[in-house]
Amino acid sequence: MQQCSGGIIRRQQHLIRCLAVNETLISVNKITRMQSVMSGASPNLEVDALSILRSISPTLDPNKHKGQAGKIAVVGGCREYTGAPYFSAISALKIGADLSHVICTKDAAPVIKSYSPELIVHPLLEESYNVREEDRKSISTRVLAEVDKWLERFDCLVIGPGLGRDPFLLDCVSDIMKHARQSNVPMVIDGDGLFLVTNRLDLVSGYPLAVLTPNVNEYKRLVQTVLNCEVNDQDGPQQLLSLASSIGGVTILRKGQSDYFSDGKEVKSVSIFGSPRRCGGQGDILSGSVAVFLSWARQVAAKEGTHTNPAMLGCIAGSALMRKAASLAFEDKKRSTLTSDIIECLGRSLEDICPVR
Ligand SMILES: NC(=O)C1=CN([C@@H]2O[C@H](COP(=O)(O)OP(=O)(O)OC[C@H]3O[C@@H](n4cnc5c(N)ncnc54)[C@H](OP(=O)(O)O)[C@@H]3O)[C@@H](O)[C@H]2O)[C@@H](O)CC1
Ligand SMILES: Nc1ncnc2c1ncn2[C@@H]1O[C@H](COP(=O)(O)OP(=O)(O)OP(=O)(O)O)[C@@H](O)[C@H]1O
Ligand SMILES: [Mg+2]
């Protein structure tokens with residue numbers, strides 16, 4: 001039955017794309033609305049994500065100096081996972097951040113450095129297998145002191161891509177999060193960062209500069225822990241609103257066929273056509289993207305005194321760009337589309353939506 005409705009949706013999506021090619025009068029927004037209806041998304045929640053993206057993307061101004069377009073740091077990368085932090089950090093650069101750092105374990109650092117000379121990689125974190133019981137305290141103090149030297153320079157942290165679940169390492173990351181919060185540094189929390197936060201809600205509860213970006217599994221765990229019930233898709237937007245509100249007004253980006261966003265006050269969605277390929281790593285691109293757009297949205301808010309929640313704007317713009325890049329990559333690579341192919345399409349997608357002036 002599920003397979004059957006999946007097939008129908010795919011055929012409908014194919015039909016919509018054919019219409020888009022043949023009938024130039026069908027606007028992106030109309031296509032989006034049609035897809036929302038077909039996928040079961042609530043059309044009245046759908047935002048004009050492309051306009052939002054344009055409104056927060058800075059111009060390339062020759063008077064600006066390095067760093068003003070964003071300094072992002074990804075806290076993640078361990079012995080098992082080196083791809084995820086790389087995807088997140090390189091995506092931030094490709095979108096337009098000036099500097100992208102990775103704070104990872106000592107073992108992961110040479111590997112991540114070898115992927116790209118563009119990234120600034122800090123081999124600071126340690127996992128239990130490398131640390132004697134009696135050295136734990138001094139090591140975590142040293143890690144925190146090192147991170148503190150950089151913390152206030154970052155416009156946003158991404159916590160969790162490829163972080164792993166080692167208890168000692170997660171304790172160190174909890175301390176980093178506490179310091180980031182004291183310094184008002186925004187945090188996008190993804191992957192194993194969500195595993196940490198689901199068990200330590202105090203780390204983000206009531207912090208408006210925290211963004212959680214759960215996938216299906218991560219969302220399920222959050223709902224079970226926070227709301228003490230199961231995911232209810234009949235009333236998905238309302239449940240998301242309650243979840244964000246119960247965690248004190250953090251912003252949540254619930255990833256799926258449509259992406260939904262809530263900060264506990266409102267719920268919005270983005271259903272722009274993405275890709276039917278579900279290769280691992282696409283969420284990592286999204287986390288790096290959200291970090292950049294959130295930083296830009298904060299700059300706009302500071303300059304123009306606007307009151308729209310920058311975390312919501314950052315999520316909406318990140319989701320729109322990720323989906324557009326995924327669809328471009330899929331047009332070209334079809335079944336063999338990989339995360340690296342999508343990353344290669346970030347620049348062209350951004351240029352299509354928001355050309356350099
Ligand atoms: N190329 C790369 O480097 C990529 C790396 N990636 C990185 O992978 C990490 C996990 O993210 P993910 O998306 O696989 O998590 P998710 O869907 O909850 O889990 C799926 C199933 O696996 C299990 N499980 C997972 N981790 C576990 C652990 N450490 N130890 C034990 N169990 C674990 C989990 O079990 P459960 O917790 O549900 O019992 C569930 O059944 C995260 O850091 C992410 O950034 C991705 O971004 C993709 C590209
Ligand atoms: N069924 C779907 N149809 C279209 N787009 C989707 C679908 N599911 C997820 N996406 C999009 O793919 C991106 C990544 O979401 P996904 O749920 O794959 O994250 P993830 O599991 O955390 O990924 P990762 O493998 O990086 O950990 C999001 O931008 C989301 O909008
Ligand atoms: Mg993920």
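By class, the shell around ligand 2 is made up of two nonpolar, eight polar and five charged residues. The model is a predicted one, and every value below was computed from it. In total, 15 residues surround ligand 2, and the closest of them are Asn 215, Lys 255, Asp 259, Gly 281 and Gly 283. Two helices, α11 (282–304) and α12 (310–333), each supply at least two residues of this shell, and the largest share, four residues, comes from α11.

Backbone atoms take part in several polar contacts with ligand 2. An oxygen atom of ligand 2 lies 3.1 Å from a polar backbone atom of Asp 284, and an oxygen atom of the ligand is 3.3 Å from a polar backbone atom of Gln 282. A nitrogen atom of ligand 2, in turn, is found 3.5 Å from a backbone N or O atom of Gly 256. Taken alone, ligand 2 exposes 620 Å², of which the protein buries 78%.

Ligand 1 also has 15 residues around it, and those that come nearest are Gly 162, Asp 192, Asn 217, Arg 221 and Asp 284. The shell around ligand 1 contains five nonpolar, six polar and four charged residues. Its polar contacts include one with a polar backbone atom of Ala 84, which is 3.0 Å from an oxygen atom of ligand 1. Side chains contribute as well: a polar side-chain atom of Asp 192 lies 2.5 Å from an oxygen atom of ligand 1, and a polar side-chain atom of Asn 215 lies 3.4 Å from an oxygen atom of the ligand. Taken alone, ligand 1 exposes 870 Å², and the protein buries 57% of that area. The elements that give two or more residues to its shell are α4 (83–95) and α9, with α4 giving the most, namely three residues.

The contacts described above are collected here.

| Ligand | Residue and part | Distance |
|---|---|---|
| ligand 2 | Asp 284, backbone | 3.1 Å |
| ligand 2 | Gln 282, backbone | 3.3 Å |
| ligand 2 | Gly 256, backbone | 3.5 Å |
| ligand 1 | Asp 192, side chain | 2.5 Å |
| ligand 1 | Ala 84, backbone | 3.0 Å |
| ligand 1 | Asn 215, side chain | 3.4 Å |

Helix α6 (residues 136–151) has 16 residues and reaches 22 Å from its first C-alpha to its last, which is close to the 22 Å expected at 1.5 Å a residue. Its buried residues are Ile 139, Ser 140, Val 143, Leu 144, Val 147 and Leu 151.

Two residues call for attention to their backbone angles. Most residues other than glycine have a negative phi. Asn 228, although not a glycine, has a positive phi of about 60°, and its place is the loop between α9 (216–226) and α10 (236–246). Is Asn 228 buried or exposed? With a relative accessibility of 70%, Asn 228 counts as exposed, since the cut-off for that class is over 50%. Lys 334, likewise not a glycine, has a positive phi of about 50° and sits in the loop between α12 and α13 (339–344). Its relative accessible area is 43%, so Lys 334 is partly exposed.

Terms used. Residues numbered from 1 in each chain as written. Chains lettered and ligands numbered in written order. Predicted model: local features only at pLDDT ≥ 70, side-chain atom pairs only at ≥ 80, totals over all residues. Heavy atoms only, no water. Near = heavy atom within 4 Å. Polar contact = N/O pair within 3.5 Å; in protein donor to acceptor, adjacent residues only side chain to side chain. Areas by Shrake-Rupley, 256 points an atom, 1.4 Å probe, with all protein chains shown as cover. Nonpolar A, V, L, I, M, F, W, Y, C, P; charged D, E, K, R; others polar. Expected span 1.5 Å × (residues − 1). Buried < 20%, exposed > 50% of the residue type's maximum accessible area, 1.4 Å probe, protein only.
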